[in-house]
Amino acid sequence: MENIDIRLMLSDKGISNKYVAKKIGISPEYFSKLMSKPLSAYNRQRIIDAVTKIDKELESLQKPGIEGGVIS
């Protein structure tokens, strides 16, 4: 399996492939095809940048006092 580091990063952050694909402007199917082979340095950086942006967006959506959808 290729690109284990990126796959683990997506899994750890709970980010779906389709969101990364949308962020970089490609179809989820093409993203899956890219991930099945060793990535070029350009595509690797595009994906990592997209994951970082999505993660920051998700963090900004989290509201204080709400944990796992339950108000504490």
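Author: Let's start with Ala21: at 0% relative accessibility, Ala21 counts as buried. Keep in mind that this is a predicted model.

Reader: OK, and where is Ala21 placed?

Author: Ala21 belongs to helix H2.

Reader: Which residues is Ala21 in contact with, leaving aside neighbours within four places in sequence?

Author: Ile26, Ser27, Pro28 and Phe31.

Reader: Where is confidence lowest, and where is it highest?

Author: Strand S2, residues 70-71, has the lowest confidence, with a mean of 46. The highest is in H2, at 97.

Reader: Back to H2 then. At what angle do H2 and H4 pack?

Author: About 110°, and their axes are 9 Å apart. H2 covers residues 17-24 and H4 covers residues 41-61. An angle from 65 to 115 degrees counts as roughly perpendicular, so that is how H2 and H4 are arranged relative to each other.

Reader: Which residues make the contact?

Author: From H2, Tyr19, Val20, Lys23 and Ile24. From H4, Arg46, Ile47, Ala50, Val51, Lys53, Ile54 and Glu57. By class, this H2 with H4 contact has 7 nonpolar, no polar and 4 charged residues.

Reader: How about H1 and H4, at what angle do their axes cross?

Author: Roughly 10°, and the axes come within 11 Å. Angles under 35 degrees count as roughly parallel, so H1 is roughly parallel to H4.

Reader: Who meets whom there, H1 to H4?

Author: On the H1 side you have Asp5, Ile6, Met9, Leu10 and Lys13, and they meet Arg44, Ile47, Ile48, Val51 and Asp55 in H4. The contact of H1 with H4 comes to 6 nonpolar, no polar and 4 charged residues by class.

Reader: New topic: Asn3. Where is Asn3 found?

Author: In the segment before helix H1, which runs 4-13. The phi of Asn3 is near 55°, a positive value in a residue other than glycine.

Reader: Is Asn3 buried or exposed?

Author: Buried: the cut-off is under 20% relative accessible area, and Asn3 has 6%, so Asn3 falls in that class.

Reader: What polar contact joins the side chains of Asn3 and Arg44?

Author: One of 3.1 Å. Besides that, a polar atom of the Asn3 side chain lies 2.9 Å from the backbone oxygen of Met35.

Reader: And which residues does Asn3 touch, not counting those up to four places away in sequence?

Author: Leu34, Met35, Lys37, Pro38, Leu39 and Arg44. Arg44 is also one of the H4 residues that meet H1.

Reader: Last one, Ser32. Which helix has Ser32 in it, and what are its residues?

Author: Helix H3, residues 28-35. Ser32 is partly exposed, with a relative accessible area of 42%.

Reader: How many residues apart along the chain are Ser32 and Lys18?

Author: They are 14 residues apart, and their C-alpha atoms are separated by 9.0 Å.

Conventions: Residues are numbered from 1 along each chain as its sequence is written. This is a predicted model: local features need pLDDT of at least 70, side-chain atom pairs count only at pLDDT 80 or more; totals for chains, interfaces and linings use all residues. Side-chain values use heavy atoms; hydrogens and water are left out. Axes are lines fitted to C-alpha atoms, for helices over the stretch in contact, and angles run from 0 to 180 degrees between N-to-C directions. Helices (H or I, at least four residues) and strands (E, at least two) are DSSP runs, numbered from the N terminus. Angles under 35 degrees count as roughly parallel, over 145 as roughly antiparallel, 65 to 115 as roughly perpendicular and the rest as oblique. Contact means heavy atoms within 4.5 Å. Ala, Val, Leu, Ile, Met, Phe, Trp, Tyr, Cys and Pro count as nonpolar, Asp, Glu, Lys and Arg as charged, and the others, Gly among them, as polar. Buried means under 20% relative accessible area, exposed over 50%, partly exposed in between (1.4 Å probe, protein chains only). pLDDT is the predictor's confidence in each residue, from 0 to 100. A polar contact is a pair of N or O atoms within 3.5 Å; within protein, one must be able to donate a hydrogen and the other to accept it, and residues adjacent in sequence count only if both atoms are side-chain atoms.
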